[in-house]
Amino acid sequence: MRNREDDDRMVHAAHASRFHWGEAPDCKPENLARGEWQVSRVYTVVGLGDGALRHAQRCLEICEANGLGDWDLAYAYEAIARAYKTAGRAPEAAAYKKLAAEVAVAEPDDREQLEKDLATL
């Protein structure tokens with residue numbers, strides 16, 4: 001069973017990963033977006049909706065500013081939906097889940113994984 005220290009370690013590790021991607025010379029926008037998604041997901045796992053929403057929104061901002069679509073955009077919406085769910089905001093969660101489901105994802109395996117993740121919402 002996880003304890004508070006385990007939760008803190010996960011949060012710190014996710015932030016460290018995102019920080020290091022941001023410092024990497026070959027960092028691309030998709031690396032930053034995926035890093036923000038990862039931080040958001042960890043915050044949902046530990047039940048911190050506000051932190052999850054902050055990083056999920058940052059993920060979406062990076063996608064929009066850099067023309068990222070497909071998997072990255074779908075998962076930005078998924079992250080926002082999950083953050084809202086964690087924060088107890090069901091109507092907003094449902095709206096972003098719908099947006100995620102509407103994004104065209106080219107790879108069938110990626111689409112299948114997205115649908116599985118959305119089903120957990």
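This is a short tour of one protein model, from the whole chain down to a single residue.

Keep in mind that the model is predicted.

Let's start with the overall make-up. The protein has six helices and zero strands. Read from the N terminus, the order is α-α-α-α-α-α.

Now the dimensions. Along its principal axes, the C-alpha trace spans about 40 × 40 × 25 Å. What radius of gyration would a compact globule of 121 residues have? The answer is near 14 Å, and the protein has 14 Å, so the two agree.

Next, burial and contacts. Of the 121 residues, 38% count as buried. Take the contacts between residues at least 6 apart in sequence. Of these, 58% join residues at least 24 apart.

The accessible surface comes to about 7,100 Å². Carbon and sulfur atoms account for 51% of that. As for charge, there are 16 positive and 22 negative side chains. The centres of those two sets lie 4 Å apart.

Let's zoom in on one helix, α3. Helix α3 covers residues 49-65, which is 17 residues. How far apart should its ends be? At 1.5 Å a residue, α3 should span 24 Å. Its end C-alpha atoms are 24 Å apart, so expectation and model agree.

After α3 comes G67, and its phi is positive, near 65 degrees.

You'll find A93 in helix α5, residues 90-102. Is A93 buried or exposed? Its relative accessible area is 11%, and the cut-off for buried is under 20%, so A93 counts as buried.

What does A93 touch? Set aside its neighbours within four places in sequence. A93 is then in contact with A81, Y84 and K85. Now find I80 in the model. I80 and A93 are 13 residues apart along the chain. Their C-alpha atoms are separated by 7.1 Å.

To recap: six helices, zero strands, a radius of gyration of 14 Å, and a buried A93 in α5.

How values were computed:
Residues numbered from 1 in each chain as written. Predicted model: local features only at pLDDT ≥ 70, side-chain atom pairs only at ≥ 80, totals over all residues. Heavy atoms only, no water. Helix = DSSP H or I, 4+ residues; strand = E, 2+ residues; numbered from the N terminus. Expected span 1.5 Å × (residues − 1). Rg over C-alpha atoms; globule rule 2.2 N^0.38 Å. Buried < 20%, exposed > 50% of the residue type's maximum accessible area, 1.4 Å probe, protein only. Contact = heavy atoms within 4.5 Å. Areas by Shrake-Rupley, 256 points an atom, 1.4 Å probe, with all protein chains shown as cover. Lys, Arg positive; Asp, Glu negative; His and termini not counted. Charge placed at Lys NZ, Arg CZ, Asp CG, Glu CD.
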